Amino acid sequence: MIPLSRPKRKFPVYSFESTFLSRTLRLGVEVLMVLAVVMCADAFAQQQIVLTNVTIIDGTGGPAQRNRTVVIKGDRIQSIAAGHEHTPSSAKVIDLQGQTIMPLIINTHGHLGLTNGTTQSAANQTDDNFRHQLLRYQEYGVGAVLSMGTDGKRFAEIREESRRGALPGADVYTAGIGFGAKNGVPPATMGFTQVFRPETPAEARSEVAQQVPQKPDFIKVWVDDFWGQYPTMLPEIYGAIIDEAHKHGLRVAAHVYHLQDARSLVADGVDVLAHSIRDADVDDALIGEMKEHHVAYIPTLSLDDFAFAYGDSPKWVDDAFFTAALDPGVLEMITSPEYKAKVQSNKVTAQEQAALPEAMRNLKKIYDAGILVSLGTDSGATPIRIQGFAEHMELALMVQAGLTPIQAITVATLNGAKLLHIEDQYGTLAAGKKANFIVLEKDPSQDIHNTQTIRAVWKDGNKVSDGPLAAGTSAMLR
Ligand SMILES: [Zn+2]
């Protein structure tokens with residue numbers, strides 16, 4: 001038989017004094033134990049790491065500083081000094097003789113999860129694929145990515161998972177659910193199925209407003225016709241999107257190609273042109289408007305290069321720094337005779353080839369005018385825009401366009417942090433800033449291609465990767 005009521009618990013009888021004493025003692029011991037654990041954890045977390053003999057490119061645009069000592073405590077840089085600092089014996093010292101550190105790269109125009117192998121589809125946006133791509137960005141030294149309008153309904157959740165570490169790797173920023181044209185750009189046939197395609201200004205306003213509670217970092221619009229192949233979004237639609245976004249304190253970034261569209265978008269108050277103007281030279285009137293209204297510019301030169309580069313079998317296709325970034329099947333696809341023939345016979349290839357030098361001219365003019373330019377690549381939008389590699393290619397192309405290596409690095413670091421309002425964590429290396437940086441074998445202020453000599457990636461005071469060429473790194477990501 002099961003007893004219906006539990007037997008009464010018998011309490012031991014203590015005198016008041018002994019109970020009080022034992023409680024006090026027990027409490028005292030517990031407090032001491034907790035204190036010891038806290039102090040241990042604190043000592044562990046606060047152990048100083050000292051980088052010695054290192055060259056620093058700090059992201060501010062200043063020249064490389066040689067023979068520096070960097071003290072890291074917890075997740076932050078405590079000090080940067082010339083020569084040797086006194087280091088406590090408990091500190092962990094890492095001699096970086098001959099090596100250079102620079103801030104993590106900020107990619108302000110990327111796409112997450114859409115591509116997998118040689119396919120592109122919203123169906124690829126699984127947590128596994130996000131994780132894989134964010135870790136790949138990180139091993140190439142990218143600290144944060146602004147995903148430009150293709151994250152679908154889960155955009156806020158993906159960003160939240162990134163913040164709490166459930167999605168490790170580069171930090172996610174998101175332009176939520178972007179706005180395309182009805183039957184237009186971005187084409188649904190290319191996998192862009194998770195965008196709004198409003199037909200009236202009222203519909204557009206309501207679709208902006210419904211995203212406000214999830215706080216997208218930007219609102220994205222696509223204003224392009226892909227060389228006359230698709231209808232362009234009507235100005236009254238993007239005008240309504242921009243106006244409604246601004247009412248809610250949200251900034252708007254626009255996919256753009258043509259000078260006339262850029263002019264119209266800027267006149268309507270757009271905050272960011274998220275690609276280069278590629279059909280004509282920008283004029284002083286537009287540059288003046290952009291300056292006056294603080295419109296930022298993201299050139300994405302690598303996108304234009306990727307569009308035709310593989311047709312000519314560029315020598316970097318054989319580089320391990322490139323191949324380590326590829327999903328299975330991509331190398332076979334882009335080096336196949338069929339693929340090269342397709343690029344060479346494509347009716348828009350000639351326009352794409354002309355677009356890159358035009359984009360470079362416009363970048364130089366816009367940069368020199370003092371407009372905020374940040375690095376973006378459009379990597380991850382299609383399987384041939386290679387995440388991780390593209391960001392380094394972009395740096396090299398900006399230098400080819402006429403920026404100095406130090407200017408290009410500032411565009412890739414400080415300027416991206418400014419655009420995303422994350423200068424506390426990213427963009428520059430200085431006392432008090434987060435210890436977020438790339439360790440390079442060679443100094444990229446001498447040759448921008450040296451950003452490809454990654455030896456380690458540090459985030460929040462911890463080494464998180466040995467770079468893409470470390471043995472087994474890429475294999476471990478999948
Ligand atoms: Zn894009």
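**Ground rules.** I am working with a predicted model, where local features need pLDDT of at least 70, side-chain atom pairs count only at pLDDT 80 or more, and totals for chains, interfaces and linings use all residues. I number residues from 1 along each chain as its sequence is written, and side-chain values use heavy atoms, with hydrogens and water left out.

**Zinc site.** Which protein atoms are donors of the zinc ion? I found H109 (NE2), H111 (NE2) and D378 (OD), lying 1.9 to 2.1 Å from the zinc. Donors here are N, O and S atoms within 2.8 Å of the metal (3.2 Å for Na, K and Ca); water is not among the atoms, so sites may look incomplete. I wrote the sequence spacing of the donor residues as H-x1-H-x266-D. Helices (H or I, at least four residues) and strands (E, at least two) are DSSP runs, numbered from the N terminus.

I then checked burial, where buried means under 20% relative accessible area, exposed over 50%, and partly exposed in between (1.4 Å probe, protein chains only). H109 counts as buried because its relative accessibility is 0%. D378 is buried too, at 5%.

**Helix 13.** I looked at how covered this helix is, and 10 of its 12 residues are buried. Among them are F389, H392 and M398. After helix 13 comes G402, with a positive phi near 120 degrees.

I counted a pair of strands when DSSP finds at least two bridges between them. Strand 1 (residues 48–56) runs antiparallel to strand 2 (residues 65–73), joined by 6 bridges, and I49 stands opposite I72 of strand 2. Strand 2 also pairs with strand 3 (residues 76–82) in the antiparallel sense, over 6 bridges. There, R68 has A82 as its bridge partner in strand 3. Strands 2 and 3 make a hairpin with 2 residues between them, and G74 in the turn has a positive phi of about 60 degrees.

**Helices 4 and 5.** Which residues make the contact between these helices (heavy atoms within 4.5 Å)? From helix 4, I noted residues including P201, A204 and V208, and from helix 5, residues including I237, A240 and I241.

Conventions
Contact = heavy atoms within 4.5 Å.
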